[in-house]
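Dear colleague,

I am passing on the structure below, together with some notes on what turned up when I went through it. Please read the notes with the model open beside you.

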Amino acid sequence: MCTTCGCSQPADAVTIQLVGEIDHIHIGGEEHHHHPTHDHHHGEGCRHGHGHGHGHGHGHGHGHHHHHGEGVKHTHTPNSKTVLQLELDILQKNQLLAERNRGYFEAKHVLALNLVSSPGAGKTSLLERTLHELGGQTAFSVIEGDQQTMNDANRIAATGVPVVQINTGKGCHLDAEMIAHALRKLDPVPNSILAIENVGNLVCPALFDLGEHRRVVIISVPEGDDKPIKYPDMFHSAQLCLINKIDLLPYVSFDVEKAKDYARQVNPNLQFIALSATTGEGMNEWYSWLHTQLSAR
């Protein structure tokens, strides 16, 4: 979506659509305009070597150079201070929009969760089971973030829960402006839970505060127990870590306690729940956490 992490795409590549409606929003504007000067393959494989500067109180810095269409012209060897200032401006703008989203959530007593993981960790399956089992007790709405397709949004819509799909094109994360646009279509009811399923990526989404109350990072047993030290920024910014697919523990080399120890090295306050969205083991603990968070709104 910006120079900060190198997303490169046309200005109208981001679309936002409520499942069941034909019309969708194209996001334009300078902050979403990109020049095809980068050849990134996003998802967990993009490497930027940065810290982060979102609403959870972390710094940010880059040593790489980008081009951007916000009235700042760079030569082939741009001044690093100019590039850094431009990237900080983008993050500052995102932070202001995130605070506006947070105010909206507070006013409506909506618990907003930012669900982040690498691709295939089981975010959508976790949401499906949660909505099937809690949908009659608690009001939910969902924002789905993917680069392409309505597949996950259609899966969520089958549960009867309102859902908006954000397709980011080549973008590797959601940002606060996208969430603001999605909220206009979604209009979550008061005293409800909004689950935002971010694009599958453990790097770039750590940079961007969406206005959420809680960030939930999901890892799965087949991924390996060293994820927290390989992607420390994401675990540092999260409040809860879900260890999914524990039904596969007998078949893979994954040490649950070692994964927790690694995570505590970067975030001593991180909470953990080990579960399986397939078998249901541990899901009641997850549901209890949700109810506790919602009652605190």
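Strand β8, helix α7 and strand β9 together make a β-α-β unit, and this unit is right-handed. Please keep in mind throughout that the model is a predicted one. Within the unit, β8 covers residues 240-244 and β9 covers residues 271-274, and the two strands run parallel, joined by four bridges. If you want a place to start looking at this pairing, L240 stands opposite Q271 in β9. The helix of the unit, α7, spans residues 256-266.

The loop between β8 and α7 holds two residues that I would point out, one of them being K245. The phi angle of K245 is near 65°, which is a positive value in a residue other than glycine. K245 counts as partly exposed because its relative accessibility is 23%, a value that falls between the 20% and 50% limits. L249 is found in that loop between β8 and α7 as well, and with a relative accessible area of 29% L249 is likewise partly exposed. Leaving aside neighbours within four places in sequence, L249 is in contact with V221, F254 and V256. The C-alpha atoms of L249 and S220 are separated by 10.0 Å, while the two residues are 29 apart along the chain.

A positive phi angle is also found at N191, where the value is near 55° and the residue is again something other than glycine. N191 sits in the loop between α4 (176-186) and β6 (193-197). N191 counts as exposed, because its relative accessibility is 52% and the limit for that class is over 50%.

Turning to the aromatic rings, the count comes to two aromatic pairs. W286 and W289 are both buried.

The protein has eight helices and nine strands, and of its 297 residues 56% are buried. Among contacts between residues at least 6 apart in sequence, 73% join residues at least 24 apart. The accessible surface comes to about 12,400 Å², and carbon and sulfur atoms account for 50% of that surface.

Lastly, a word on confidence. What is the mean pLDDT of the protein? The mean is 82, and 74% of the residues reach 70 or more. Over residues 29-76, however, pLDDT stays under 50, and for this stretch the model has 141 contacts beyond four places in sequence. I would ask you to keep that stretch, residues 29-76, in mind as one where pLDDT stays under 50.

Methods. Residues are numbered from 1 along each chain as its sequence is written. This is a predicted model: local features need pLDDT of at least 70, side-chain atom pairs count only at pLDDT 80 or more; totals for chains, interfaces and linings use all residues. Side-chain values use heavy atoms; hydrogens and water are left out. Two strands pair if DSSP finds at least two bridges between them. A crossover is right-handed if, with the strands pointing away from the viewer, the path from the first strand over the helix to the second runs clockwise. Rings of Phe, Tyr and Trp (its six-membered ring) pair if their centres lie within 6.5 Å; planes under 30 degrees apart count as stacked, over 60 as edge-to-face and the rest as tilted. Buried means under 20% relative accessible area, exposed over 50%, partly exposed in between (1.4 Å probe, protein chains only). Contact means heavy atoms within 4.5 Å. Accessible areas come from the Shrake-Rupley method with a 1.4 Å probe; for residues, only the protein chains shown count as cover. pLDDT is the predictor's confidence in each residue, from 0 to 100.
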